[in-house]
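Colleague: I have a structure open that I have not seen before. Can you walk me through it?

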Amino acid sequence: MLMKYIDTVLCPICKASRLWKLDADFTDERIATGTVTCQNDHNWYVQEEVFRLDRENSDEEMIFLDHPITGFPPQIDEKVRGDFMIAFSRYVREYVESSEEPLIIIGSPVLFMKYLPETNRDLIIINSSEGILRQVQEIASSKRLYKQVSVIRAENVEFLLANAQRIYIFDGVPETLDKNETGLLLHRDASADVLWEKDNYIFMKK
Ligand SMILES: [Zn+2]
């Protein structure tokens, strides 16, 4: 977890922000392992750079997936997979290159990370599965993006980052999105734009 984002996170319990107290090990500008305490004394744990914001005092051993996931969405049939991947990877590139602001990724991050182009942007990945977050860390390392990546274990997180972009990938896309938010969908939605369509399969953006 990059230090510079710690005090932009709102405590999940009291929504207090700033003045997080740290008792932790640091590597460069990153917090590796330790406790982060909000101004109202709620304690959150960072384990090997995963900021665990889903449960207070969560200092259990690291959690990994038994097998890495492909990240390929089950909603898209294998027979159109190659075609979908071309459209998806093209969209990821365009989206990532459209801004320099921090990018918050929620939903299904694995495929997005695999197709991430070279970038200087900071990435904050939020997911309730620590196993998936560990896999994301590995992908980031292999792409030499590790120093730009922060991972948070949670369903969602509120930040004080006015200009950050937030993208919801395939899962958990809210009904309404603000101007800095994008949702990627694999089902038809009247309020979204078609990015790709073949047979009965569709990839949309809203
Ligand atoms: Zn708090």
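Modeller: Let's start with the contact between the domains. Bear in mind that this is a predicted model. The count between domain 1 and domain 2 is three salt bridges.

Colleague: Where do the domains run?

Modeller: The domain assignment puts domain 1 at 3–52 and domain 2 at 78–205. Their C-alpha centres are 24 Å apart.

Colleague: How many residues of each are in contact?

Modeller: On the domain 1 side there are 16, and they contact 20 residues of domain 2.

Colleague: And how much area do the two bury between them?

Modeller: About 1500 Å², with 52% of it on carbon and sulfur atoms. On the domain 1 side, Y5, R30 and V50 lose the most area to domain 2, and together they make up 37% of what that side buries.

Colleague: What about polar contacts across the interface?

Modeller: There are 14 residue pairs in polar contact between domain 1 and domain 2, counting pairs with both residues at pLDDT 80 or more.

Colleague: Are E130 and R153 buried or exposed?

Modeller: E130 has a relative accessible area of 3%, so it counts as buried. R153 is buried too, at 2%.

Colleague: Why would two such side chains pair up at all?

Modeller: As a general point, side chains of opposite charge can pair when their charged atoms come close.

Colleague: How many salt bridges does the count come to?

Modeller: It comes to 17. Another one is between E181 and R166, with the closest N and O atoms 3.9 Å apart. This pair also links distant parts of the chain: E181 belongs to strand β9 (residues 181–185) and R166 to strand β8 (residues 165–169), and they are 15 residues apart.

Colleague: And are those two buried or exposed?

Modeller: E181 is buried, with a relative accessible area of 18%. R166 is buried as well, with 12%.

Colleague: Which residues do salt bridges with shared partners join into one network?

Modeller: R52, D54, R55, E60, E130, R134 and R153. Within that group, R55 bridges to E60, and their closest N and O atoms are 3.2 Å apart.

Colleague: How accessible are R55 and E60?

Modeller: R55 is at 45% relative accessibility and counts as partly exposed. E60 is partly exposed as well, at 26%.

Colleague: Switching topic. I clicked on Q47. Where is it?

Modeller: Q47 is in strand β3, which covers residues 43–47. Its relative accessible area is 12%, so Q47 is buried.

Colleague: What does the side chain of Q47 reach?

Modeller: It reaches the backbone oxygen of E60, at 3.3 Å. Setting aside residues up to four places away in sequence, Q47 touches A32, T33, R52, D59, E60, E61, M62 and R134.

Colleague: One more, L145. Which part of the chain is that in?

Modeller: L145 sits in the loop between α4 (130–142) and β7 (149–153).

Colleague: Buried or exposed?

Modeller: Buried, because the relative accessibility of L145 is 4% and the cut-off for buried is under 20%.

Colleague: What is L145 in contact with?

Modeller: Leaving out neighbours within four places in sequence, L145 contacts L116, T119 and A140.

Colleague: And how far is L145 from T37?

Modeller: The two are 108 residues apart in sequence, and 28 Å apart in space from C-alpha to C-alpha.

Technical notes:
Residues are numbered from 1 along each chain as its sequence is written. This is a predicted model: local features need pLDDT of at least 70, side-chain atom pairs count only at pLDDT 80 or more; totals for chains, interfaces and linings use all residues. Side-chain values use heavy atoms; hydrogens and water are left out. Domain bounds come from an automatic or database domain assignment. Contact means heavy atoms within 4.5 Å. Buried area is the accessible area (1.4 Å probe) that two parts lose on being put together, summed over both. A salt bridge is a side-chain nitrogen of Lys or Arg within 4 Å of a carboxyl oxygen of Asp or Glu. A polar contact is a pair of N or O atoms within 3.5 Å; within protein, one must be able to donate a hydrogen and the other to accept it, and residues adjacent in sequence count only if both atoms are side-chain atoms. Helices (H or I, at least four residues) and strands (E, at least two) are DSSP runs, numbered from the N terminus. Buried means under 20% relative accessible area, exposed over 50%, partly exposed in between (1.4 Å probe, protein chains only).
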